[in-house]
Amino acid sequence: MKKNMTRFSVLILIAAFVLQISLPHTYKSKAVSKPCLNEKTITVFTDTTSVVYLKNVRKKNIKSLVIRVDKDHIAEATAKRKNTIKITGIKPGQTTAKARLVLKKKQSGRRVWTFLCNIKVKESDQTAFIPSESVTVSYLGPEGTYTQEACGVFFGKKGKYEPYKTVNEAVGALISGNSDYAVIPQENTIGGAVIDYVDTLIAQTDVSVVGEVELQISQNLLGLPGSDIDNIKTVYSHKQGITQGKEWLEKNIPNAEVIEVSSTAEGARRVAEEKDPTKAAIASITCTDIYGLELLAGNIQNNDNNKTRFYVLSTKTPEIKYSGRMAFIAAGPAKELPALLSVMNDRDVTLVTIHDRPAKTILGQYLYVMECSGCSYRDYLEFCRDGSFEFRYLGSFDILFTV
């Protein structure tokens with residue numbers, strides 16, 4: 001009897017197994033969404049990394065992404081967080097790209113999608129936009145300053161440039177509606193942050209940053225025609241010009257009195273006006289033609305890689321569309337800054353420059369003017385979730401270079 005029961009049990013198990021493999025599976029398959037670009041056109045800047053956002057893609061599922069621009073060139077692409085692909089290596093002149101995205105599959109095999117995207121290349125030697133001839137730009141004068149030169153670079157030498165005695169007056173003209181834009185210096189390779197002008201940017205809450213110019217600066221010693229360097233007793237210049245030419249002055253005319261004035265061009269104007277052959281100015285070479293001066297010594301800056309960063313200001317609403325650079329102000333305690341920088345690093349945002357100014361409230365509280373590349377407005381909103389800081393968005397903008 002027991003033997004028969006054992007055989008019966010075995011038969012039941014065999015029948016169950018046969019029945020199981022013969023019946024169709026009735027599980028519900030999980031739909032897989034096809035990844036796609038949320039932007040049909042990717043704008044690429046030659047000086048920075050470009051960001052592409054993908055829909056329906058998680059970082060952990062990405063196996064590889066290849067951007068093939070032409071038959072021989074493959075741009076570099078990395079996926080560093082959910083829904084974000086960063087592209088580098090796009091070259092000027094290339095207008096289309098084919099992207100091949102490979103996703104992992106949970107068990108075996110892989111899913112492959114290929115999609116096309118347009119690449120729009122912006123080169124640094126192009127103007128950010130073409131203004132009308134009626135545009136008015138206020139800047140630190142008088143005529144012949146490096147700020148005026150930056151105006152010409154950004155606006156393509158179009159429009160009307162109005163010089164003002166101080167940066168505060170130039171920005172004030174913008175606020176009052178007497179100009180459409182204002183251009184102000186922010187930082188120099190040798191002299192560092194131009195503190196007074198950084199403070200102006202912070203204080204004027206109605207302005208936004210719509211562009212940037214990184215200008216190569218060549219400082220020169222200018223004097224009256226026939227002047228001799230050995231006879232120079234007085235040198236005029238802006239604080240930045242004095243700092244940038246300090247080493248040359250100490251070596252070549254150590255006994256000369258150095259007098260700070262409102263701008264490099266103002267120094268040149270004074271030399272021309274006072275008609276004293278013992279006086280000279282550190283200024284732009286363009287001042288020789290404007291004020292009838294002579295070049296006594298060229299390229300006297302301490303560093304041949306001397307550059308100044310200028311901001312183009314407007315009273316328009318700050319642009320949020322992704323561009324080459326983004327700027328904002330974060331106000332808060334110094335002890336919380338590392339945490340904010342860590343968030344930026346996690347989102348693969350590159351900090352280009354940072355200037356700190358005291359909040360003038362509590363010791364250890366600062367206003368940080370920060371400029372980033374590879375930063376989207378979505379990234380900025382993520383920064384704002386940090387309750388330790390108060391944020392003011394300045395804008396997303398292009399940067400132009402001179403060499």
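Predicted model: local features only at pLDDT ≥ 70, side-chain atom pairs only at ≥ 80, totals over all residues.
Residues are numbered from 1 along each chain as its sequence is written. Local features need pLDDT of at least 70, side-chain atom pairs count only at pLDDT 80 or more, and totals for chains, interfaces and linings use all residues, while side-chain values use heavy atoms, leaving out hydrogens and water.

Visitor: How many helices and strands does the secondary structure of the chain come to?

Guide: Helices (H or I, at least four residues) and strands (E, at least two) are DSSP runs, numbered from the N terminus. By that assignment, the chain has ten helices and 23 strands.

Visitor: What share of the residues of the chain count as buried?

Guide: Buried means under 20% relative accessible area, exposed over 50%, and partly exposed in between (1.4 Å probe, protein chains only). Of the 403 residues of the chain, the buried share is 45%.

Visitor: Which element gives the most to the lining of the largest cavity?

Guide: On a 1 Å grid over the protein atoms alone, a cavity is a set of points where a 1.4 Å probe fits but cannot get out, and lining residues have an atom within 4 Å of a point. The largest cavity is lined by 18 residues, with Y146, T147, P185, H238 and Q240 nearest its centre. Two or more lining residues come from each of helix 2 (146-155), strand 11 (181-188), helix 5 (239-244) and strand 19 (307-314). The greatest contribution, three residues, is that of helix 5.

Visitor: Is F310 buried or exposed?

Guide: F310 is found in strand 19. Contact means heavy atoms within 4.5 Å, and, leaving aside neighbours within four places in sequence, F310 is in contact with residues including Y146, T147, P185 and G211. The C-alpha atoms of F310 and G211 are separated by 8.4 Å, although the two residues are 99 apart along the chain. Because its relative accessibility is 1%, F310 counts as buried.

Visitor: With which residue does the side chain of R347 make a polar contact?

Guide: R347 lies in the loop between helix 9 (337-346) and strand 21 (350-358), and is buried, with a relative accessible area of 15%. A polar contact is a pair of N or O atoms within 3.5 Å; within protein, one must be able to donate a hydrogen and the other to accept it, and residues adjacent in sequence count only if both atoms are side-chain atoms. At 2.7 Å, the side chain of R347 makes such a contact with the side chain of D379.

Conventions: 1 Å grid on protein atoms, 1.4 Å probe; cavity = no way out; pocket = protein on both sides within 12 Å on 5 of 7 lines; lining within 4 Å.
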